[in-house]
Amino acid sequence: MVPEDAGRQWEVMNLHLECYSGRKAYERPVRFRLEGREYPVKAVPDQWYDPESILNKVRADDGNLYILRRQTSTPDGVWDLVSFRQRREER
């Protein structure tokens, strides 16, 4: 059986985060740059952990929701974009 995504090429997105560091390092994202555009974080409605990473649900100044993950299982702690949900337009 061939996986659905076999033969597809995945493009790596260029993501850079700036975080607030209080009691601990990388406590919460305050802004991120994705593909050359800067997004100030307006809210962090949720944060959770799994065995290898920390995930943050953030609402950026564009009104959209982003789920950003920091790999804690690697020394360099790489960040990646896990999910994106576009804001629904008000009627």
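Is Asp80 buried, partly exposed or exposed, and what is its relative accessible area? Asp80 is partly exposed, at a relative accessible area of 23%. The close-ups below, taken from a predicted model, start with this residue.

**View A. Asp80 and Arg69 form a salt bridge.** Here the closest N and O atoms are 2.6 Å apart. Asp80 belongs to strand β6 (residues 79-85) and Arg69 to strand β5 (residues 65-71), so you are looking at a link between distant parts of the chain, 11 residues apart.

**View B. Strand β1 has a covered and an uncovered face.** Along residues 15-20, Leu15, Leu17 and Cys19 make up the covered face, while His16, Glu18 and Tyr20 lie on the uncovered one. Strand β2 (residues 28-34) runs antiparallel to β1, and six bridges join the two.

**View C. Glu18 of β1 meets Arg31 of β2.** The two residues stand opposite each other and form a salt bridge, with 3.0 Å between the closest N and O atoms. Because Glu18 sits in β1 and Arg31 in β2, the pair ties together parts that are 13 residues apart in sequence. Glu18 is partly exposed at 38% relative accessibility, and Arg31 is partly exposed at 28%.

**View D. Glu38 and Arg33 join their side chains in a salt bridge.** The N to O distance is 3.0 Å. Glu38 is partly exposed, at 36% relative accessibility; Arg33 is also partly exposed, with a relative accessible area of 36%. The salt-bridge count for the model comes to four.

Technical notes: Residues numbered from 1 in each chain as written. Predicted model: local features only at pLDDT ≥ 70, side-chain atom pairs only at ≥ 80, totals over all residues. Heavy atoms only, no water. Buried < 20%, exposed > 50% of the residue type's maximum accessible area, 1.4 Å probe, protein only. Helix = DSSP H or I, 4+ residues; strand = E, 2+ residues; numbered from the N terminus. Pairing = 2+ DSSP bridges.
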